[in-house]
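Opening the notebook on a new model.

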Amino acid sequence: MASVKAFPTIKSIRSFVIGGVGSGGDYHNVKGGHWLIDSPISTPCSRWEKYRASRTSWGINVLGSFFVEIEASDGTVGFATGFGGPPACWLVHQHFERFLIGEDPRNTNHLFEQMYRASMFYGRKGLPVAVISVIDLALWDLLGKIRGEPVYKLIGGNTKDRIDFYCTGPDPPAAKKMGFWGAKVPLPYCPEEGHVGLKKNVEFLRKHRESVGPDFPLMVDCYMSLNVPYTIEIAKACEDLNINWWEECLSPDDTDGFEQIKRAHPTIKFTTGEHEYSRYGFRKLIEGRNLDIIQPDVMWLGGMTELLRVAAMASAYDIPVVPHASGPYSYHFVISQPNTPFQEYLANSPDGKSVLPVFGDLFVDEPIPTNGFLTAADLDKPGFGLTLNPVARAKLVPSTYLLAIPTNSLPPPVCEEKKEVNGVNGRHVEGELAGKAKA
């Protein structure tokens, strides 16, 4: 009987902060003037006027991008990018690394469960799960490279020959011209701007509808900034505009709110999910059947391992899964799954009128849609098919610089009572002070 071939184990894990702006997995860490941060966009902080002009004013890019490399015992290196900056690197090495070194990288379910459950006391959502996501993606990249296969072949093979894209950006006519099947625009004004803001929102969307004609699909991204009454009101005011869907209208935690807006508008499509985490978070979104599409971000919700679980859950309810952005990490997922009808492209050019790599100059060969689509052949490289740009490599700051304890730190302060006793050891002084306190 033939024996099973030995498989490489995880030898080391390295993490880096990506210096500068415009590279890596933090979509919002871009230069000033970019449409994504400096155009009118309703956000959870838009209720305060001083935070309306720019999304960086309230810190949307405060974490920045980071990069993870996982090296196997045979020298193969898998890598991935995401957002999290220095705090992400700290979590990688101070917590999650212990579950990885010496392990079989094929055990993705086991490794995810250990990292997720070990961080439950401070995680479950947000940054800790986003860090796990990037580690998980690096593991899948490593597996694909060891096996000489693209990731989509490891998770079921292709269910379609091409991926069709819609474009999120500021200019629907440009999206239409570039070959995308539809366009999604950010809503500019928040509920706190009152009836005047509502009217301006409707006029804004009407202008976009007129610019692309009645049949080109148009979607609206509300970025967690609305509430139930406002959503019901604006959806009603825009009924004649044929909005294809309203996205992320409510706080990610207001799952009951989606039931209310769907009850008010049963024939209008509502979507959400990019800021939800893990299968536990998505369970309630899915089982309520109040959403027409769910939109997890594979770099945030727990990586490819957890996204596959969420997709399986959604497929049992016939709810399509359309990932939020995430470039090639999403493309490999979408082409492999039966309930993923299309994919989002987040316009990375400053004016949103051209197609650029999602991760900036981090990779030299990131696949990008041409004429609004990609094919399976565009993804046929080992792992996620990405090659680190030597120029970008120079911008990677090793986390060893971040984790090292300074050697020139100041000595601890000495209280006045200690200064008065020379040549007496600390224990004696402390005893004397304790005696004084009792007296």
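I started with the UniProt record, an unreviewed entry, which annotates residues 172-268 as "domain: Mandelate racemase/muconate lactonizing enzyme C-terminal". UniProt positions are given in the numbering used here, feature names are shortened, and annotations may be inferred rather than shown by experiment. Over residues 172-268 I get 46% helix and 13% strand, with the end C-alpha atoms 21 Å apart. Helices (H or I, at least four residues) and strands (E, at least two) are DSSP runs, numbered from the N terminus.

**Ground rules.** This is a predicted model, where local features need pLDDT of at least 70 and side-chain atom pairs count only at pLDDT 80 or more, while totals for chains, interfaces and linings use all residues. Residues are numbered from 1 along each chain as its sequence is written, and side-chain values use heavy atoms, with hydrogens and water left out.

**Cores.** Next I looked up nonpolar cores, meaning sets of buried Ala, Val, Leu, Ile, Met, Phe, Trp, Tyr and Cys residues joined through side-chain atoms within 4.5 Å. Buried is under 20% relative accessible area, exposed over 50%, partly exposed in between (1.4 Å probe, protein chains only). The largest core has 116 residues, and those with the most contacts inside it include Phe67, Trp246, Tyr329 and Phe363. Helix H4 (residues 127-147) gives the largest share of this core, 12 residues. Another core lies apart from it, with 6 residues, among them Met219 and Phe342.

I then listed contacts (heavy atoms within 4.5 Å). Leaving out residues up to four places away in sequence, Phe363 touches Phe67, Tyr329 and Leu386, among others. Tyr329 sits in helix H12 (residues 327-336), where 10 of 10 residues are buried.

**H3 against H10.** How are these two helices packed? Helix H3 (residues 108-118) and helix H10 (residues 278-287) meet at an angle of about 85°, with axes 11 Å apart. That makes H3 roughly perpendicular to H10, a label for angles of 65 to 115 degrees. Axes are lines fitted to C-alpha atoms, for helices over the stretch in contact, and angles run from 0 to 180 degrees between N-to-C directions. On the H3 side I found Phe112, Glu113, Tyr116 and Arg117, facing Ser278, Arg279 and Tyr280 in H10.

Conventions. Angles under 35 degrees count as roughly parallel, over 145 as roughly antiparallel, 65 to 115 as roughly perpendicular and the rest as oblique.
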